[in-house]
Amino acid sequence: MRRSLALVVALGLLVAACGGTASPDDPTTTSGSVDTTTTVAPETTTTESPTTSTLPGEPIDFGPRAGDELMVVGVAHDDVLNLRAAPGTDQEILAGLEPTEIGVVALGATRQLTRSFWIEVEAADTTGWVSLGFVAFEGVTDDATAATIDELGERPTAPTMSELGRLVAEAWASDEPASDIVKVVDESVGDLGEVTHDVIGLGDDAVAGFRLHVFGEPVAGGFSLRTVERTTLCGRGVDADGLCT
């Protein structure tokens, strides 16, 4: 769905393309140096958990409230989101959260670094800090098949499920600001093909993006779109009906 919306994402709900240069405290996928890797050791480590008075950055009254439940978003299928001992990409890695991790519980603390926001959470039986740009509230899930076909002007086909999923994701991405599209679950093929992409960054402070679970029907030369399950990713919260607030 092509949109042209004012960029309201000063809070860091952005994220996930490659290329460019990042500052050490800017864990965004637009940098090409994402704080989601488990293959590179942190620049420094801590032997004890920092106290509130020694944490990097400044406390800020912003972000999820204590007890809010979040999900990991915008992390590639072959990567993880680092849960760190303190805010910042140079802090000790305590655990790696999967790209489709749910049940990430906010503890109500947010710190602002130079170019990023970090929140304290409990996940994977561990308490630590993650970049706010890689978590969101889980909104309503609906069937977006007909709307996707309407947007594309036809039922799309592609040689692989990954390519088909990308076509669907592009239909729901915005041009300005340019959304980031991330494959969070790799393609699989049985009776039907499946793949899941996140579309992050729509220029809306309420709707952070979409998670698109795409099913494809095997056809000669590839796959034809069967169905699209769309989950709305919310930036500020959800109401009782699962709508972004």
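## Asp205 and its partner

Asp205 is partly exposed at a relative accessible area of 26%, where buried means under 20%, exposed over 50% and partly exposed in between (1.4 Å probe, protein chains only). Asp205 forms a salt bridge with Arg236, with 2.8 Å between the closest N and O atoms; the term requires a side-chain nitrogen of Lys or Arg within 4 Å of a carboxyl oxygen of Asp or Glu. The two residues are 31 residues apart and link distant parts of the chain: Asp205 sits in the loop between strand S11 (193-200) and S12, Arg236 in the segment after S13. Helices (H or I, at least four residues) and strands (E, at least two) are DSSP runs, numbered from the N terminus. Arg236 has a relative accessible area of 45% and is partly exposed.

## Basis of the values

This is a predicted model, in which local features need pLDDT of at least 70 and side-chain atom pairs count only at pLDDT 80 or more, while totals for chains, interfaces and linings use all residues. Residues are numbered from 1 along each chain as its sequence is written, and side-chain values use heavy atoms, with hydrogens and water left out.

## Other salt bridges

The count of salt bridges is 7. One of them joins Asp142 and Arg230, whose closest N and O atoms are 2.5 Å apart. Asp142 belongs to strand S8 (residues 135-143) and Arg230 to strand S13 (residues 222-234), so this pair ties together parts 88 residues apart in sequence. Asp142 is partly exposed at 27% relative accessibility, whereas Arg230 is buried at 14%.

A salt bridge also connects Asp186 with Lys183, at 3.0 Å from N to O. Both are partly exposed: Asp186 at 36% relative accessibility and Lys183 at 22%.

## Aromatic pairs

Rings of Phe, Tyr and Trp (its six-membered ring) pair if their centres lie within 6.5 Å; planes under 30 degrees apart count as stacked, over 60 as edge-to-face and the rest as tilted. The count is 2 aromatic pairs. The ring centres of Phe62 and Phe117 are 5.0 Å apart and the planes are at 40°, so the pair is tilted. Phe62 is partly exposed at 29% relative accessibility, and Phe117 is buried at 12%.

Trp172 and Phe210 have ring centres 5.7 Å apart and planes at 65°, so their pair is edge-to-face. Trp172 is in helix H2 (residues 161-172) and Phe210 in strand S12 (residues 207-219). Both are buried, Trp172 with a relative accessible area of 2% and Phe210 with 7%.

## Charge over a ring

Arg230 also lies over the face of Trp172, 4.5 Å from the ring centre. The rule asks for NZ of Lys or CZ of Arg within 6 Å of the ring centre and within 35 degrees of the ring normal.
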